[in-house]
Amino acid sequence: MLTAKNQWGETVYIGDLIKKEGVHRLRDNHYFCPLCKGKVIVKLGVQRISHFAHVHLSPLCVEYDRESMYHMQAKMQLFKWLETECSKVELEVFLPDIRQRPDLMFTFQGNTYCVEYQCSLISKEIFEKRTNGYLSSGLIPLWILGANRVPRKQTNLISLPKFQSLFIKKNNTGGWYLPSYCPKLKSFISITNLHPLSPHTMQCDYNVIPQSQLHLPQWLNPIFHNTFYVSNWRKGIQQVKDNIIRFQTHYLFLQELYRNQLHLYLLPPYVGVPLKDNLLLETSPIIWQMYVLLDNLFLKEVGSILTKEIVYKRLTKRINRNHIEVRNHVKPSVDQLLTLIREYLFLLTKCQVLKEINPNVYRYENPLSFPGTISEASSFEEQFYNNITNEKIVWY
Ligand SMILES: [Zn+2]
């Protein structure tokens, strides 16, 4: 902990205390835990960060007392940074109504934010409980992932298991990102343009922004340009397909393909496309987009009519049968899923599979074209990605 109460009941912050009192007098004074009122002592750090620790730990305070050095360092750095960015910032305030203690609390442009810096694993239930606690008190939770928990695979590829995925959020213009902070680099890590290849592997941009170069409005709502790396994406999609075949994951999906005399390696190139809102679904875009084709176009007569509502109804059936999984913590609304479907139908119009004959009314225009060989599949794909990147559609 970085704060405690002194013998007069005033809240003191370890950093100020060392500055004011000097190191030697600290040991003579008495300090108490604001939560359990138990005695705490100052632990002075030379290489480690100075902090308060309980003499006798009450169960109430276990979580706070065991905060890692990494956590405390980040919290202190963010506290000092916020002090320069806004007028009111508090460290480790206990909120009795909801019995929660955010790392930092600050007010900016009329809103009060609670920062939860998380560098150890917690369950989705705790994450949601705390989130709801803040919201019920009219406070805005800001979850920041410790950079020690960011498993970067390659320059533009990241693996975000269930815990890390909880931190994904949307900016005001609908771009997906994940906010992180690294106390060792004294920098914000902004992971943007998240495009999931499979439930947890995502293409992304990874930006390290030194504290001095970032200001609060950008932190609260990062603005970034859309990017997309075609050759990486194609490689990633191929890998996901290889894994599906090798490990026979998604057995039902493969069975359905075989039943229809289709093969995973011989699908049209517009299956497995990174749409702006693919993140709403946890299922790989290869699988859910292929289900959309199977349910709405495959074996249907050319000339038949579709709307996004019809596609949505069929998608919901797949979700109810667990063929397609929704990314639960994102809790997509019906409107958001309809937008995602619209993105996909729009892409299919660009591929001349569909034609939008009236707003939101599509006619099946040209039959789905399945490649006959692997090399044909590859050249279809090449051509497809050349066309869409030239036209800058969908995610630009
Ligand atoms: Zn305590």
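**Entry 1**

I began with a definition: an axis is a line fitted to C-alpha atoms, for a helix over the stretch in contact, and the angle between two axes runs from 0 to 180 degrees between N-to-C directions. The model I examined is predicted.

I looked up helix H10, residues 308-320, and helix H11, residues 334-350. Their axes come within 9 Å and cross at roughly 115°. Angles of 65 to 115 degrees count as roughly perpendicular, so H10 is roughly perpendicular to H11. I noted also that the crossing of H10 and H11 is right-handed.

Which residues of H10 meet H11? I found Lys308, Val311, Tyr312 and Leu315 on the H10 side. On the H11 side, I recorded Leu337, Leu338, Ile341, Arg342 and Leu345. I sorted the residues of this contact into seven nonpolar, no polar and two charged.

**Entry 2. Domains**

I then turned to the division of the chain into domain 1 (1-66), domain 2 (67-227) and domain 3 (230-391). Taken over C-alpha atoms, the centres of domain 1 and domain 2 are separated by 26 Å. I found 12 residues of domain 1 in contact with 10 residues of domain 2. On the side of domain 1 that touches domain 2, I noted seven nonpolar residues, three polar and two charged.

**Entry 3. Helix H4**

I checked the length of helix H4, residues 124-136. At 1.5 Å a residue, its 13 residues should span 18 Å, and the end C-alpha atoms are 18 Å apart, so the two values agree. After H4 I looked up Gly138, whose phi is positive, near 75°.

Notes
Residues numbered from 1 in each chain as written. Predicted model: local features only at pLDDT ≥ 70, side-chain atom pairs only at ≥ 80, totals over all residues. Helix = DSSP H or I, 4+ residues; strand = E, 2+ residues; numbered from the N terminus. Parallel < 35°, antiparallel > 145°, perpendicular 65-115°, else oblique. Left-handed = near helix turned anticlockwise from the far one by under 90°. Contact = placed C-beta atoms within 7 Å. Nonpolar A, V, L, I, M, F, W, Y, C, P; charged D, E, K, R; others polar. Domains from an automatic or database assignment. Expected span 1.5 Å × (residues − 1).
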